[in-house]
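Please examine the sequence and the structure shown below.

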Amino acid sequence: MSNFQRDGSTSNSHVGRAFEARARKALAKRGLRLESNYKVPCGLGAVRKAHAFDLGSDNPKVVVECKSHTWMSGDKVPSAKMKNWAEAMFYFHMAPQDYRKIFFVERSVRPGRSESLLAYFLRTRAHMIPPAVEFWELDGDSDELIVHEVRA
């Protein structure tokens, strides 16, 4: 039986909550005061259902999804995580159009290469990304923030 828990962590949910707190702090430094578990109505037609984004605000209108995923050992692509990221893009697509949308991830560089997990996602899943999503990476060691171009 495989254990997919992050090395050195109590649980993957602890890792996610800690990263969300770091993301919230980094965004606050840039003037965005955000609430956790922020709900907005999402849907493709007239019927909408509240969806909880990791972070968000009414003023300014912004929703944020945070992901603290890394490359798998042995240089393998974490395909289940990529599906999770694609699902986040779908929720951005269904969110109200007047909200700013930020996808905030922990920077993870593929061992032996220079490609980050986010760069891999942008390269291989570009067809799944709705317009105007911002992609932000936070380095785990230095807290350096890398903001990528907004997808038009």
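The points that follow describe the overall architecture first and then the details.

This is a predicted model, in which local features need pLDDT of at least 70 and side-chain atom pairs count only at pLDDT 80 or more, while totals for chains, interfaces and linings use all residues. Residues are numbered from 1 along each chain as its sequence is written, and side-chain values use heavy atoms, with hydrogens and water left out. The protein contains three helices and six strands; helices (H or I, at least four residues) and strands (E, at least two) are DSSP runs, numbered from the N terminus.

**Overall architecture**

- Along the sequence, the elements follow the pattern α-β-β-β-α-β-α-β-β.
- The protein has 152 residues, of which 43% count as buried; buried means under 20% relative accessible area, exposed over 50%, and partly exposed in between, with a 1.4 Å probe and protein chains only.
- Of the contacts (heavy atoms within 4.5 Å) between residues at least 6 apart in sequence, 55% join residues at least 24 apart.

**The sheet**

- Six strands form an open sheet with mixed pairing, in the order β1-β2-β3-β4-β5-β6; two strands pair if DSSP finds at least two bridges between them.
- The edges are held by β1 and β6 (145–147), each with a single partner strand, so one side of each has no neighbour in the sheet.
- On average, neighbouring strands of this sheet are turned by 40 degrees against each other, direction ignored.
- Seven bridges join β1 to β2 (residues 49–58) in the antiparallel sense, and Cys42 stands opposite Lys49 in β2.
- In general, strands of a sheet pair through backbone hydrogen bonds, either parallel or antiparallel.

**Helices against the sheet and each other**

- Helix α2 lies across β1, β2, β3 (61–67), β4 and β5, and runs at about 165 degrees to β4; axes are lines fitted to C-alpha atoms, for helices over the stretch in contact, and angles run from 0 to 180 degrees between N-to-C directions.
- The axes of α2 and α3 are 11 Å apart, and the two helices pack at an angle of about 65 degrees.
- That angle makes α2 roughly perpendicular to α3, since angles under 35 degrees count as roughly parallel, over 145 as roughly antiparallel, 65 to 115 as roughly perpendicular and the rest as oblique.
- Met82, Trp85, Ala86 and Met89 of α2 meet Leu117, Leu118, Tyr120 and Phe121 of α3 in this contact.
- The buried residues of α3 (residues 117–124) are Leu117, Leu118, Tyr120, Phe121 and Leu122, and their cover includes α2 (79–94), β4 (100–107) and β5 (133–139).

**Nonpolar cores**

- A nonpolar core is a set of buried Ala, Val, Leu, Ile, Met, Phe, Trp, Tyr and Cys residues joined through side-chain atoms within 4.5 Å.
- The largest nonpolar core has 24 residues, and those with the most contacts inside it are Trp85, Met89, Phe103 and Phe135.
- Two or more residues of this core come from each of β1 (35–42), α2, β4, α3 and β5, and α2 gives the most, with six residues.
- Another core, of 15 residues, lies apart from it and includes Ala23, Leu27, Leu32 and Leu55.

**A buried loop residue**

- Arg110 is found in the loop between β4 and α3 and is buried, with a relative accessible area of 9%.
- Not counting residues up to four places away in sequence, Arg110 touches Trp71, Asp75, Val77, Glu115 and Tyr120.
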